[in-house]
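Student: I am new to this structure and would like to go through it step by step. Could we begin with how burial is judged?

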Amino acid sequence: MCGIAGIYNFDQSKIDPEITNSIKDSLEHRGPDFSKIEYIDNKVVLIHTRLAIIDLDQRSNQPMVSKDKRYSIVFNGEIYNFKEIRKTLEAKGVNFYTDGDTEVLLEGYIHFGSDVLQLLRGQFSFAIYDSKEKSFFLARDRVGIKPLYFALNNNKFIFSSELKAIEKSNLFPFSADFDSYVAYLRHLAVPTYRTGNKNISKLEPGQFLYLDKNKNISKYKYWDPFCIEEDESITEQEAISKVEELLIESVNYRKVSDVEVGLFLSGGLDSSLIGKLMSKNTNSNVKGFNIDYEEHFEGYQGEVEEARFAAKNIGVNLVEDKIQYSDFKKIIDNYSFYQDDLVGDEVGIPLYFLGKSSKKNGIKVVQVGEGADELFYGYDHWLRFMKLNRYIKPITKSSSINIQFKNHRTNMLSNILLNRTSFAGGALGFNLPEIDDLLVNGITNDFELINYVDNKWDDYFSNKNSKLSKWMTLIDLQIRLPELLLMRMDKLVMQSSIEARVPFLDHKLIEYILTIPEKIIFDKKTTKPLLKHVANKHIPQKIYSRTKQGFRAPVGEWIKKDQEYFYDSIRSFNSSTNLFKSKSLEKIISGRDYQKKWYLSNLAKWHLSRSIG
């Protein structure tokens, strides 16, 4: 895993070395093993910071240039099937001088162009400069595991693995995108190509772009899970066998490394199953990492005992660590800087400390269980929602009736009855009536992004083959996973130079899961029925049948210890933006919903760190 960046000066001006050095310095936590700035032809520069994982030799350092000097690449991620692609290219007469995946990716692009993306199995973002055509090709992996940001104006184009690297260049001034802020309040992340900075965009999952010498950008979608249809001919036994086969294959691919691979182990079904599959056919025990809190709190009693039980049964050496309020206090001033993009989920905090624990114990790479809940129906509230929809049907065909409730449950019920978007995603900060009440002028036409999911809902359910259960997975593949869960994993864990690999989000596995009929993969009585059948072959029932409590952080308890610290930032934010009604804001601040206070504080600190800095 690495940090990548590049600049293209269209006005032919010389690129300032101070700018490139500041970008490189900003990215070095992503790649502490080697870094390099490569000036291509005065007007183009590529920057790379390397976390050496495959082919540790310096010959695989980047930026890497093709043999004919025409193409240059910077690449962040891993191509797990690079050896198979290499054999295909060798059959075409290509000779390789490294043993890594970067050279395979570069040669693959030279021979296949953008079609190389269809061959790749991995997590990646990369950029290739063509010195003959004076053009750039940028791509992001199908699921959005690895981020890629870019900005363009009349004179310059810039891209990077991180938003803050572009911001630190000072080439594009910070401009608050209030439309994105309002969408964040709903989704705890920013959907589509937008970011909290109006001047900076991100490449979407499963997308690539061309930038030509005339400053024209063309974007293309090469993978879209919404296009995958169910296959009613699949039987339950076929589904169990195929999911098991693909998961084993995915875990084994993610063991491909020239350094030791560890595991984030909660002790639940997802991480325990991955750990068991990782431990098979290995000579030494895998290191597993678990974080607990010194102070337990309502709704979260810790999982260390469960992790110990799982570790003993799956052949993992468990490394335990604890964090307390004082640890949180040490990072809170920098937390918005660490999280980089607008991400509202507080689970980034323990992930940050899991990364530190891994690095302290000599681990550079870990496998994690992200994505299993979204693919296999692992949330109790999903089951409750599906049951509700079985018994309650819309009373109107129109979704325009304007009756709204701020209470989440009443609001959900009214959305079902009035044919509105009843499931906007697995992560919900504020619902639409709450946001409408909070904003100074309500939800006006100035805020388009907040309705992105509603437009997607209408498009999806215009298809007669659409199913609510599939929508729940698909919309989380569109927003919650790439822009929230995977971003918190990438940004907070990479602060310690740790690469996280997500075997449940292998695109081959996802594609197959989406074809499985609802009657097989979903059960209104239990979570993850299909995955539990697979797990039954590998881990004790005690692990996969225990009650799920989820990975959380005690932000409410921590806010209570120093309330004015958090509330001052919220009020300062509103003083500078005038986005919220003071009366509505103070009602939240004086209320008992500390999750909402955290979401507002997180937004406030993110904004203030940029507008002031």
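Tutor: A residue counts as buried under 20% relative accessible area, as exposed over 50%, and as partly exposed in between. Please keep in mind that this is a predicted model.

Student: Where is Lys 134 found, and what is its phi?

Tutor: Lys 134 sits in the loop between strand E6 (122-130) and strand E7 (135-140). Its phi is positive, about 55°, although Lys 134 is not a glycine.

Student: What about Thr 192: buried or exposed?

Tutor: Thr 192 counts as buried, at 12% relative accessibility. Its phi is also a positive value, near 55°, in a residue other than glycine. Thr 192 lies in the loop between helix H5 (178-187) and strand E10 (201-202).

Student: Which peptide bond is cis?

Tutor: The bond that joins Gln 62 and Pro 63 is cis, with omega about 0°. Pro 63 belongs to the loop between strand E3 (44-50) and strand E4 (64-65).

Student: Let us turn to Arg 121. Is Arg 121 buried or exposed?

Tutor: Arg 121 is buried, with a relative accessible area of 8%. Its place is in the loop between helix H3 (101-112) and E6.

Student: Which residues is Arg 121 in contact with?

Tutor: Leaving aside neighbours within four places in sequence, the contacts of Arg 121 include Glu 78, Tyr 80, Glu 249, Asp 506 and His 507.

Student: What does H16 bring to the largest nonpolar core?

Tutor: First, the core itself: of its 182 residues, Leu 117, Phe 126, Trp 471, Phe 580 and Trp 598 touch the most other members. Helix H16 (residues 468-493) supplies the largest share of this core, 15 residues.

Student: And what does Leu 117 touch?

Tutor: Not counting residues up to four places away in sequence, Leu 117 touches Phe 124, Phe 126, Phe 137, Ala 139, Arg 142, Phe 208 and Tyr 222. There is also a second, separate core of 17 residues, which includes Val 44, Val 74, Ala 127 and Leu 209.

Student: Now to helix pairs. How do H5 and H24 pack?

Tutor: The axes of H5 and helix H24 (residues 594-611) are 10 Å apart, and the two helices pack at an angle of about 150°. That makes H5 roughly antiparallel to H24, because angles over 145 degrees count as roughly antiparallel.

Student: Which residues meet there?

Tutor: Tyr 181, Tyr 184 and Leu 185 of H5 meet Tyr 599, Leu 600, Asn 602, Leu 603, Trp 606 and His 607 of H24. By class, the residues of this contact divide into seven nonpolar, two polar and no charged.

Student: How do H7 and H8 cross?

Tutor: Helix H7 (residues 269-279) and helix H8 (residues 304-314) cross at roughly 25°, and their axes come within 9 Å. H7 and H8 are therefore roughly parallel to each other. Their contact is made by Ser 272, Gly 275, Lys 276 and Ser 279 of H7 with Ala 310, Asn 313 and Ile 314 of H8. This contact has two nonpolar, four polar and one charged residues.

Student: One last topic: which residues of H13 are buried?

Tutor: In helix H13 (residues 408-417), the buried residues are Asn 411, Ser 414, Asn 415 and Ile 416. They pack against helix H12 (380-391) and helix H14 (432-438).

Definitions and conventions: Residues numbered from 1 in each chain as written. Predicted model: local features only at pLDDT ≥ 70, side-chain atom pairs only at ≥ 80, totals over all residues. Heavy atoms only, no water. Helix = DSSP H or I, 4+ residues; strand = E, 2+ residues; numbered from the N terminus. Buried < 20%, exposed > 50% of the residue type's maximum accessible area, 1.4 Å probe, protein only. Contact = heavy atoms within 4.5 Å. Axes fitted to C-alpha atoms, helices over the stretch in contact; angles between N-to-C directions. Parallel < 35°, antiparallel > 145°, perpendicular 65-115°, else oblique. Nonpolar A, V, L, I, M, F, W, Y, C, P; charged D, E, K, R; others polar. Core = buried A, V, L, I, M, F, W, Y, C linked by side-chain atoms within 4.5 Å.
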